Amino acid sequence: MNWSVFEGLLSGVNKYSTAFGRIWLSLVFVFRVLVYLVTVERVWGEDQKDFDCNTRQPGCTNVCFDEFFPVSHVRLWALQLILVTCPSLLVVMHVAYRKAREKRYQEEVGKGHLYLYPGKKRGGLWWTYVCSLLFKAGIDIVFLYVFHVFYPKYTLPSVVKCHATPCPNIVDCFISKPSEKNIFIIFMLITAIICILLNLVELAYLVIKRCSECMESRRALTAHPEHDPNWVNSSSKQKDLLAGDLIFLGSDTHPPLLPDHPRAHVKKTIL
């Protein structure tokens, strides 16, 4: 794997991430992805072969394994990690799109910037980043629920009792290395919960920060209304109206007045 390309892809996310986002990124790719690639696949490598039941009935072991392990932990974690990192790739794509538009604008115009704040999360990029936080937290929560549905206590027992159809009676089946597997299950569970908390804290931080910025800008416009373009337009309109009124004051002619008897005037016009 070319880590320089991988680092280049993540640089777009790190540039626009907060401290919570950088911690989340390190936690995912160091404590989840690397642990999964280095150790978890080896621990669950020969899981079905090491699943042993005290019977010689053909098909009984396979049916019992499918009953207690409908989906492998390894495959669920792989799908979870892929889906969790996809929203970050959407942020990378949005950043690349902004850079391409900014470069095209510089080539055409030659000065200035297309975006008002090129190095900050503003506009559509802010919404993309916020939606990515919601998706990441939601994906981890959904997979925690899925693990709870398949494995109610999250941990694995050392012995399970099976009475599926091919088995002649209730048989005992033994899981290979249950203690070691439980350690990695608890580890992956704790890291997923920490990632969810980091996403929610970062989301709250971004929303509170944006609300405070909006309130400060409104206070600034209230204290100095001359900086508001709408106020400038309205004041210019008032000046035009006053200038129009002063036309009649400075001229000898007076503006047309209504007649003393408006009804008679209406009758004359009708006739």
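## Disulfides

A disulfide is taken here as a pair of cysteine sulfur atoms within 2.5 Å. The model is predicted, and by that rule it has three disulfides.

Cysteine 60 and cysteine 167 form one of them, with sulfur atoms 1.8 Å apart. The pair links distant parts of the chain, 107 residues apart: cysteine 60 is in helix H4, and cysteine 167 is in the loop between strand S2 (159–162) and S3. The torsion about the S-S bond is about 95°, so this disulfide is right-handed. Cysteine 60 is buried at 0% relative accessible area, and cysteine 167 is buried at 8%.

## The other two pairs

The sulfur atoms of cysteine 53 and cysteine 173 lie 2.0 Å apart in a disulfide. Cysteine 53 belongs to strand S1 (residues 52–53) and cysteine 173 to strand S3 (residues 171–174), so the bond ties together parts that are 120 residues apart in sequence. The link of cysteine 53 and cysteine 173 is right-handed, with 105° about the S-S bond. Cysteine 53 is buried, with 6% relative accessible area, as is cysteine 173, with 0%.

Cysteine 64 and cysteine 162 form a disulfide with a sulfur separation of 2.0 Å. Cysteine 64 is in helix H4 and cysteine 162 in strand S2, 98 residues apart. Their link is left-handed, at -90° about the S-S bond, and both cysteines are buried. With the bonded cysteines numbered in sequence order, the pairing is 1-6, 2-5, 3-4. Cysteine 211 is in no disulfide; the nearest cysteine sulfur, that of cysteine 214, is 6.5 Å away.

## Annotated spans

An unreviewed UniProt entry annotates residues 20–39, 77–97, 126–151 and 183–208 as "transmembrane region". Residues 20–39 are 100% helix, with end C-alpha atoms 27 Å apart. Residues 126–151 are 96% helix and 0% strand, and their end C-alpha atoms are 38 Å apart.

## Cavity and pocket

Helices H5 (73–109), H6 (124–150) and H7 (178–223) each supply at least two residues of its lining, with H7 giving the most, four residues. The lining has nine nonpolar, one polar and no charged residues; among them are Trp77, Gln80, Phe147 and Met188.

The second largest pocket has a volume of about 260 Å³. Of its 16 lining residues, Asp47, Gln48, Phe65, Ser72 and Arg75 lie nearest its centre. By class, this lining has six nonpolar, four polar and six charged residues. Helix H3 (47–50), helix H4 (60–68) and H5 each supply at least two of the residues lining this pocket.

Notes. Residues are numbered from 1 along each chain as its sequence is written. This is a predicted model: local features need pLDDT of at least 70, side-chain atom pairs count only at pLDDT 80 or more; totals for chains, interfaces and linings use all residues. Side-chain values use heavy atoms; hydrogens and water are left out. On a 1 Å grid over the protein atoms alone, a cavity is a set of points where a 1.4 Å probe fits but cannot get out, and a pocket is an open set with protein on both sides within 12 Å along at least five of seven lines; lining residues have an atom within 4 Å of a point. Ala, Val, Leu, Ile, Met, Phe, Trp, Tyr, Cys and Pro count as nonpolar, Asp, Glu, Lys and Arg as charged, and the others, Gly among them, as polar. UniProt positions are given in the numbering used here, feature names are shortened, and annotations may be inferred rather than shown by experiment. Grid points are joined across faces, edges and corners, and a volume is the space filled by probe spheres set on the points. Buried means under 20% relative accessible area, exposed over 50%, partly exposed in between (1.4 Å probe, protein chains only).
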